Amino acid sequence: MNRILLVLFIFCVPLAMHSQTFSVSGTVTEADTNMPLPGVNIIVKNTSNGVVTDFDGNYTIEGVSTGDILVFTYLGFAPQDIVLGNQRQINVSLEPDSQALDEIVVIGYGSQLRREITGSVSTVGDETIDQLKPVNAAQALQGTTSGVNVTPQSGAPGAQSNIRIRGVSTNGDNTPLIILDGFQYNGGLTSINPQDIETITVLKDAQAAIYGTIASNGVILITTKAGKRNQTTRISYEGYTGIQETTRKLPVLNATEYALLLNESYANAGQALPFPNVSGLGSGTDWQDEVFDQTTINSHNLSVSGGAEKINYAFSGSHLYQEGIVAPDKANYRRNTAKLSLDAELMDNLKVSTKLFYTYSKSRGINNFGLGSVLFNAANIAPTISTDQDNLDGTINLGNEVVNPLTQIENTFNSNIVNQLSGTFQATLDYAKNLSLQGRIGFNTSNTKTRDFSPIYNFGTGKIYTRTDNSVTLGKINDNDYTFDLFNTYKNTFDENHDVTFTAGMTVFKQFGEGLYGSRTGVQANSWEFADLNTATGTGEDQTNSSYAYDLRLSFFGRLQYAYKKKYLVSAMFRRDSSTKFGPNNRVVYFPSVTAGWVISEEGFFGESGFIDFLKLRGSYGVMGNDRIGDFLYLSLLNGEATYVLGPDQALVNGNALGALPNPDVKWEEAKKFDVGLDMTFLNDKFDFTADYFINNRDNLLIPNIPVSGIYGTGAPGASSPTVNAGSVRNKGLELSLSYKETFNENFSMNASYNISTLDNEVTEVNGTDFIEGGGFGVGQLAPARMEVGKPIGYFYGYKTDGIFQTPEEVASHPSQSALGAVAQPGDIRYVDINGDGVIDANDRTDIGNPIPNLTMGFNLGLNYKDFDFSVYAYASTGNDIVRNFERDQPNVNRLNYRLDRWTGAGTSNSVPRVTTAATANSVFSDFFVEDGSFARIQTVTLGYTVPLTFSEKTGIERLRIYGKVDNVYTFTEYSGYDPTASTGAPIGGGIDNGFYPLPRTYIIGVNLSF
Amino acid sequence: MKIKLNNTVLGILAGFSLISCGDDFVEVQPPYQISSSTYFTSEDDYNNALVGAYDVLQSTYANVILGEIASDNTHAGGESATDVVGWQQVDKMEQTPINDNLDDVWDWNFAGVQRASYILENQDGFDFAGKSQILGEASFLRAYFNFELVKWFGPIPIKPEGQFVLGEVTSIPRSPEAEVYAYIENDLKFAIANLASTAPQVGRVSKEAAQALLGKAYLYEDKFNDAATQLTAVINSDKYHLYGTEGDEDYANLFEYSAENGPESVFEVQYTGTEGAGFECLQCSEGNVMVGFSGVRGYSGPVFEAGYGFNLPTQEAYDAFSDNDLRRDVTVLNIEEWAAETSASYNTGNPDPNTGHTGFYNRKYLPRQNENQGDANLTQPNNYRAIRYADVLLMAAEAIVRGNGNEGQARGYLNQVRNRAGLENVTSSGNTLLDDIYQDRRLEMMGEGHRFFDLVRTDRAAGTIAGFTAPKNNVFPIPLEEIQFSQGTWDQNTGY
């Protein structure tokens, strides 16, 4: 506890000097490297007498006497107490601090020691990011933090990830707030160079309430690396190169199997066989082999950091190039970033800090998700077709969507370029004793340029990709926002026992932008080379469409933190927001929250030395908002349809009419978050255990287009019902994490951590309508997912199956299934008459699956032996279902090999229906298409070797590490599709696999080098 | 060096930042969007809003086809006995409060009322010459939609001062029919006082259209003298004549494109096929959705295009015409004869004897071959002749007879219509004359959606329409969800 007191003491008390009897001097070094350590605070305990080491680690402290205790403290190192005897020269070497409890954690508009935190807060440090080396920083959260679920939107290069903190709480936007070095960051995590990140902090409960109306999806605070004061310039290079490949191919039929199965399906419908002679077909084309490639990824990152007495800096630049594992020439991602960080102490009480981030990214892509994607075509096209057959006329009819995927790739041309500049300028003024004022402005500005070219090409008659004219489409989008913060912090200790911190301030946020789009046919030479509006000669649509977004928010906030004897910790937060998003009747909102903690291990009764070193019980409750709702839902706009026919020529005339019915009461979604938690370290701090139980209620969910009476005119062309706050969702769960850290000897150390999170999601209210539907299955089918009271949000809604009809008698004794599209026959799927009304129809649909995993866990292990380091990261997710929706329901497409186990006569199969080209009801959305989406994945295995210093010193190299790493090593799952993480991330309609682009497995070798 | 800052300076700083950033900071209008709060500040705004009110007229195709199906004139038809279930139910007079198609009639006509009310409640927004004409048109349109609603549903909620606003469904009761009609009369009287006799544009409303509609409303109220006054005013305006009686006009073309907005047209709903449409928003179509739905299934041959085979005239309706009545072959297409004559081919759908195939089609509103946009079944350009001069003459004749007026005058009006159809004069009087008028009205107006309501208002529906029971079926059920939205403010119509 003394350490904490001292740290606080040093921060709080202006330095002063008094004369005493003698002086002591010496050098402070870093224990690991024996390098001098500048900037170390040395203070005589219980006095205000203190000094700081100079550039060479030297210090001299005057006026000390025998028996005084010198306390050496330096951030990130364990403090040392030295009792003065008669020495006049004291050299000290400081050990790095392994005490996680003393790490400083940012909590929004301030920071706190981990041991004093009273909310549920997880952090991921640069060590983890360094080991994982993710392309997207979001991946560093997967499996490493309890209660956080990260699913990539696709395995395509440059894809974003969906991050869900403590589940899916809304039918709207579930994306957490990202705060980068203090300002709201809207660029998405892919645009941040992960190697610039020092820590990622996740605020999971009411701790986030200081962010008010933007906090309810949880807050991710990213702190980037800065230089250190009084540090010699350090130059680091990190680079890696790797090979990527697909982890899986779908088990589809080869040409002979396909032809035989197709013959059978034609025969079953009484039609002529399409392949009267199957001999000689062989295995045909393996389309997946044709589209998947082994491709490369490489990354370079150069950073420079250092500092002088009053200034510290860090610069970095990075380059990443990643190819897709499908069509690397047409689908790839390039990201160049530059970062500048500069902190300066302009005066004793005035510090400024500035950070600038520049990102250039260029991505090109192929159609990669859903009906008509390259992988969808590869899985569905007939294996009897040869790869060079571009026009499918005259071959077997595969419907209008399925085309040769290689031809599709050849005819794909696009590029998406984003130039983004973000930054912050901050100033802190300690203007009076215990008081500091901080002002900062942060901004994002990005320019996106998209270009898309569709050439003239004949994929076959009726194919949706066939074009008889080409077209080029350009888009230019400009997005801007800024955040301005001004806040005051008062920090003081009264009577030694009462620590008070009070923060109050304001934030202004403004967002605006516009877009310009145009398209035109008649591109010169039918070539990407000339794909520009300027030279295209045809007709254009949407030549000057422009869009505009506008969002303003004004916030005031306050936070009072109080600790009594470091034992009883309380904080209360209050935020007032007003926002353009809210209706005039609800423009202003107040969000209160409170957190409290009790450090039991500080109590007298707890005893001095025991099994438990630290034990804290904490709880929090708070109200937060989600302002990610539609714009101007409260305004009555004339954007309805008003078109009539007037005049002698019967010409169309356009007028104005009201659009969606406004809701002047529209307001934020409201999250009420309750959390109780326990933090504990035991066995000499080797084990660190955290447990949390939470209940999050999200109320006032916005239900779009809610049914209202027709008298309001919502039936008019272009009009619609209002969006009303009318739903609630509850998430509750338990999160446990345990970590272990042990240094056995100077050659061997290890660390391990395990976390497990449960999640129980339930919709508790949907007013004004019975349910909300979403998602899509097959073509022209009823919506497969619903939000409905008593069920998890987005649960799957379809028919329940009961095996396969084996005999005509079974069919006859079962309720008629003809309403589903065809009269059943033996070999067809038998559906359950859920409502018992004697017919199977749309009213017999029911709950057939839950897209939300109810258990997720992560496991990390790190070993260091001599100069070798080894780490493994793994995670698992269980309990969710996934819908197999990548099989085109068309008679002649290729099939997955499970179809070989089809029903062919009584007793042959009770799970896979017969094949036939005749109409059946077998392809309606039922649990036949719902699979268990549970999986466990070994995410990363790394083996590194640090070249011994004796060797590197000769070359001036401070550190040289080479490593090999494998990402996405192996996935244990029973799911039949490419990847069990497949999901659009949609709250209603997620968990439906339309042909997910699998995450690549990557083999990497890399080097870390610093001078 | 240190910056010195005392609390006063800080207070001033903080105060300044607060003042400059009050909550009005977040009061913004969406850029480049037209917002209701700044609308009706120019003449264009009124004109544009009026286009919006006219637009809803196109959705009244639903009233026409379903009104016809409800009557004894036609079967529902379609592909099967369950194709467009709501129509099939109405055909059998088995409608319940759960009927999507009746809900459409409710929603779309109220949408028209709202759009017209939007203009009228903002009539003081901006002054310009010609505003009274626009307000007159808006009043006419509101009356037109309200008249449809009262015909279909009986008592309805009304709010003459303006639009219904969210929440009022639980506080505004359904007004008795008399009050609804008084509201309609007031709107039409205002329209008559403000409308020009010559409409500003083809397709817009004239003073005579308002007079004709007011006369019709009076007729529904059994106010025969008032009705006769308005209807004879239209006749005496000398603006109209029966098509086919002058110049090179040919009666056979009355429902062809060439006669649209012609001399017989008092009020006509305008349609075009130049814009595409889809099933997701039928009311958004600029075409006449009824026409595609009425087309012959799988038709291939001259003159017509294929359609969905709904609204099929019955044998009895076909036989109601005498052989020498020119109207029969203009009104009904006898597909077997036509196919034999032209070698056209076609399919039949719904085989149900009570609701299905008859061999007859509603020729007045069959799709003609034309270059309309997709979905071609939804974008047929046939205008709907909402108020024809023949209708005015027959209504006038009826009003005069029932109001004990000059029977000679009434007979004259009736005989004008009969002569045009190639029929001889009637000489009847009294109730026989009235029956003659009723019979001729059925034949003249067949296929145009009036028959059911004519039967109801003259108490002849029971016994004529299979399955009809009075008083229950005099009106249709209020959609169930509307009853639920009203939370007890509205009662369901008796018997439903």
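Two strands count as paired if DSSP finds at least two bridges between them, and strands themselves, like helices, are DSSP runs numbered from the N terminus (helices H or I with at least four residues, strands E with at least two). This is a predicted model, in which local features need pLDDT of at least 70 and side-chain atom pairs count only at pLDDT 80 or more, while totals for chains, interfaces and linings use all residues. Residues are numbered from 1 along each chain as its sequence is written, and chains are lettered from A and ligands numbered from 1 in the order in which they are written.

**A sheet in chain A**
- An open sheet of 5 strands in chain A runs in the order β10-β15-β16-β13-β14, with mixed pairing.
- Its edge strands, each pairing on one side only, are β10 (121-125) and β14 (183-184) of chain A.
- Within chain A, β15 (residues 197-203) and β16 (residues 219-224) pair in the antiparallel sense over 6 bridges, and Leu203(A) stands opposite Val219(A) in β16(A).

**Contact between the chains**
- Chain A brings 58 residues to the contact and chain B brings 56 residues, where two residues are in contact if their C-beta atoms, placed from the backbone, lie within 7 Å.
- On the side of chain A that touches chain B, the largest share, 5 residues, comes from β26(A).

**Partners of one residue**
- Leaving aside residues up to four places away in sequence, Ala396(B) touches Ala228(B), Leu231(B), Thr232(B), Ile235(B) and Tyr413(B).
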